[in-house]
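Hello,

Here is the structure I promised to pass on. Have a look at it first, and then read my notes below.

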Amino acid sequence: MAAASKAAISSSAVLGSISTLNNPSLLKMSYYFTILSPTDTPLFNIAFGTSKGGGDGIARFRFPETAQYMNQFIIHSSLDILEEAQWTNGGMYLKHIDTYPPAAAYISAFLTPSGARFLLLHQPPNLPSSTSSSSGLGSSSLLGTAGSTTRASSSSIAANPTSPQTEEAVRQFMNEVYENYVKTAMSPFYKQGMEIKSPVFRTRVTAAGKKWL
Amino acid sequence: MAAPPRHATMQSISNGGIVPGTDRQQTQQTQAQLSQQSPGLRVPSNRKTIYDRHLNRSRNTELSRASFAFLFGEMVTYAQRRVTGIQDLEKRLNEQGYPLGLRLLDLLFYRSTSTSSSALSSSSTSSSPPNRPLRIITLLHLIHGPLWRLLFGRAADALEHSVSPDTPNEYMITDNDPMVNTYISAPRDMSMLNCAAYVAGIIEGVCDGCGFETKVSAHNQPTELWPSRTVFLVRFGDPVMEREKVLERAGVK
């Protein structure tokens, strides 16, 4: 609860007076992205938050600071489902594959042909009441300004983690990370299964997150 | 107050100390400066890292065959210096090809998604990105067609399934004139050797990357017309064959 209220304060400061109508803290998702090798070794991970629609790009998970390992726990527990889905769906982007209801966490997966797994956990912020996408969209339509339409599109990503818009945004994000992953893999000094330490790669992933999520 | 340490350094110099104290301090300082500028990363002078280069840039460029022949000749020599026999040599060549196969797989898919042409998909479903191969046949078609074209600029010459009922897990990919063997003539006492074991390693890497456990070997099968005809024998592991049956029953293509 403390984290959620902090989010509301900081983002309302960014957005100004309009935000009081359409509480933007409801729209900010938190993301945890990880790359796993074919033998389940973690190669890369990063946590970030929504940057669209005035988001500050900082992740605010529902767990207290001391329990951030919960993200890893949830994301790794979806590997079983991923390995089943892997042989029924030939696409590289497998969309939303798993949900962890206690934390309202959704997990999307992307498989590279050479077997590396990209997993993205997205978690909506802790809602104070039963407000959901319908209320967010309703209030933005009341505003009817140009600023609110952009926020409405980003709210559809944030408020409904299984909507087609979200799937498309995540797909774009995954494709961009894939491009950079291939560049990493093509380096003669990189062997499959090695941790990706390049700061440039990290910057690229952060930029992709800002661009699409 | 500063006298005793200076004296100590003087002594260490006179005793044949390797690095004088002042010099050591300087090197430490310069190292610290360097690490501040670029923590663990060397950026080229034009500020372009590998992440700034486009993966499709060299898509249609061709490499010099002469330099490839020279490089490959050196690779064979390098491998031969450390082996006991022909089998060992072929194993080493195979191991050199394996990581290349893993890389090519990602590059192949990247290039075919970004251009979204029908270069990769044998079923020529353009616009949509190609699928990962789930069944043996799709995988072998991927190797026979797109992979061979990426490597050698043409498709392989034949793709066959073993006719023997004892070995349903064996498939054969034939290349009538493998490019890697063009400039290699094995001595008489090594007539069994086929340096295309390197290509076999690449195939193995591709199969393994896709999740198909495989052993691939290269065999000489000369004909009148094609003296360096090579057959790549692809042997899938038992778990793969079991999964293949399950997937067939489930109707996965």
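These notes cover the sheet, the contact between the chains and the nonpolar core.

This is a predicted model, where local features need pLDDT of at least 70 and side-chain atom pairs count only at pLDDT 80 or more, while totals for chains, interfaces and linings use all residues. Residues are numbered from 1 along each chain as its sequence is written, with chains lettered from A and ligands numbered from 1 in the order in which they are written.

Let's start with chain A, which has an open sheet of 5 antiparallel strands in the order β2-β1-β5-β4-β3 (strands are DSSP runs of E, at least two residues, and helices runs of H or I, at least four, numbered from the N terminus; two strands pair if DSSP finds at least two bridges between them). Its edge strands are β2 (42-49) and β3 (93-100) of chain A. β3(A) pairs with β4(A) (residues 105-111) over 6 bridges, and Asp98(A) has Ile107(A) as its bridge partner.

Now for the two chains: 24 residues from chain A and 23 from chain B make up the contact (C-beta atoms, placed from the backbone, within 7 Å). On the chain B side, helix α4 (residues 86-115) gives the most, with 8 residues.

Finally, the largest nonpolar core has 77 residues (buried Ala, Val, Leu, Ile, Met, Phe, Trp, Tyr and Cys joined through C-beta atoms within 7 Å; buried means that 20 or more other C-beta atoms lie within 10 Å of a residue's own). Helix α6 (residues 164-186) of chain A gives the most to this core, 9 residues. Among the residues with the most contacts inside the core is Val206(B), and Val206(B) touches Ile143(B) and Leu147(B), among others.

Enjoy exploring!

Definitions and conventions:
A residue is buried if 20 or more other C-beta atoms lie within 10 Å of its own, exposed if 12 or fewer, and partly exposed in between; C-beta atoms are placed from the backbone. Lists of a residue's contacts leave out its neighbours within four places in sequence.
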